[in-house]
Amino acid sequence: NVTSPHFYGALQLLSVLPARYSEPAPIEAATSVAVKYLTENVDRFTSDCHYRRLLKSLFLYRETHIAANYEQNLLLVKMFLSIQKRKGENLTFPLSAISSLCLIAPVSGAGDSEMTEVTRIVVNRALKITPSAELLKSFIARPLPTGFDLLKITTEPSFEKKKEQMILSKIILNFPHLLNSNNQNERKHIIDNLISVKTVNSTAHFILLQLCKSSFILPKSCLPLFLKHLETNNLTVLEIISECVGHFLNTNQTDFKTVFSFIEKKKNVASCLLLSSIFAHTRIPNQSYFSRSLLLLNSLMKNGAILPFAIHSISSMLLTHSMQITNFEIILNQFLLLFQTLNTNYSMQPVVLYLCAECFSLLVETSSSEISTQTSTTNKDEKKLVNTLIVLILRSFQLTPLSYSKEAYFTCCRAIITFAHNLLNEAPISFPSSRGVAASIQLSASAAFSDFLKFETLDKLSN
């Protein structure tokens, strides 16, 4: 009885079990009966809950056993299109089945017209879902932190919302495979629709980002449209499209000069986010681009509205290309700019403090071979000046009248303990045990003490 809960429950179980726990022959015979029943009883889709559950279970099973029966894959595609045709656009086809279709359709042997229709339906359904902030963070290599991130405030979504976001993520990840199964004209048409300047849809941008990350080769005409999308104040759009450009340049190095000219011309938030993405994903073709980037970002640090984005981008450069920043004078200048930033009103923002602490830690790590050894080739006066600046920056974190500054200070101390051990006495730590202290501050302190004990004994700690 294919409409029995036992039948579709068994299918769901088989979809996650390894093949060795089942015998293919009776299962294929049973699924053939199920496909026939679903195909011949399409009218039951809206009225029969058992029909819909069987349909979802069968799609899930075929997705995980995709190579077992290509003929059934094609029958499922035809059944899907048949249901869509009978019920029209008001039909709410199960999202999980839509997700499974992204993997089933490309290996079903469906014709060009059928693949085109399936792809368009999948895109239209995905675009109706709004991606969550968590989904954004999972697709962006270095997302910008928010105040909610620092406060550790999370709102637990409902089970249905969480499931919807998981399925949307799956659709986005598998979409390049589905798009490759279409003919060239249709692929171009779908990409044009997704990248259209009129479309301000985060899901469309996520799909484009996944196409950029995959082996799918986007046409050269996409770059001007990407840059057009960056002329907005929508931070989510800026982050995703910047990530798209970073991955796009990784396979289109000849367009690097065009993008860098755009960055130097705009000198805004988009410029910072673009540089951050480029540093994270692209091979920089010329050493001069590093110095030009630093000059631009250092000048943008003087603008309070752009300051967090500029520091974030500098940290991305230090994180991925520290070997290219070998000039100690550059390091000295960055420490000086950081100290100046901490002595402005902008440092009273927790996000700015967090970004400054991250940048400080990376600067200490980058310059560790010079500031922590006696045999370094660095000019003694320069080395003494850097050490003085490091101490002044530590004191700036300590004396900032903001509760989050304690957390930022412990982050900085961890960098001193690990990469500048000779300055350990300048970074005293004590466990915050006063009543009402935030757990996040105590956790940061615990991490600092843990790092300390990797290099020193308990006797040293007590002193």
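Me: Axes here are lines fitted to C-alpha atoms, and angles run from 0 to 180 degrees between N-to-C directions. At what angle do the axes of helix α14 and helix α15 cross?
Reply: This is a predicted model. Helix α14 covers residues 256-266 and helix α15 residues 269-281. Their axes come within 9 Å and cross at roughly 145°.

Me: Which residues of α15 does α14 meet?
Reply: From α14 come Phe256, Val259, Phe260, Phe262, Ile263 and Lys266. By class, the contact has 8 nonpolar, 1 polar and 1 charged residues. On the α15 side stand Ser271, Leu274, Leu275 and Ile278.

Me: How many helices and strands does the chain have?
Reply: Buried residues make up 51% of the 463 residues. The C-alpha trace spans about 85 × 50 × 40 Å along its principal axes. The count is 24 helices and 0 strands.

Me: How far apart are the end C-alpha atoms of helix α22?
Reply: Helix α22 has 16 residues, 404-419. At 1.5 Å a residue, it should span 22 Å. The model agrees, with the ends 23 Å apart.

Me: What do the buried residues of α22 pack against?
Reply: Among the buried residues of α22 are Tyr409, Phe410, Cys412 and Ile416. The buried residues of this helix pack against α8, α19, α21 and α23.

Notes
Residues are numbered from 1 along each chain as its sequence is written. This is a predicted model: local features need pLDDT of at least 70, side-chain atom pairs count only at pLDDT 80 or more; totals for chains, interfaces and linings use all residues. Side-chain values use heavy atoms; hydrogens and water are left out. Helices (H or I, at least four residues) and strands (E, at least two) are DSSP runs, numbered from the N terminus. The expected span of a helix is 1.5 Å times one less than its number of residues. Buried means under 20% relative accessible area, exposed over 50%, partly exposed in between (1.4 Å probe, protein chains only). Contact means heavy atoms within 4.5 Å. Ala, Val, Leu, Ile, Met, Phe, Trp, Tyr, Cys and Pro count as nonpolar, Asp, Glu, Lys and Arg as charged, and the others, Gly among them, as polar.
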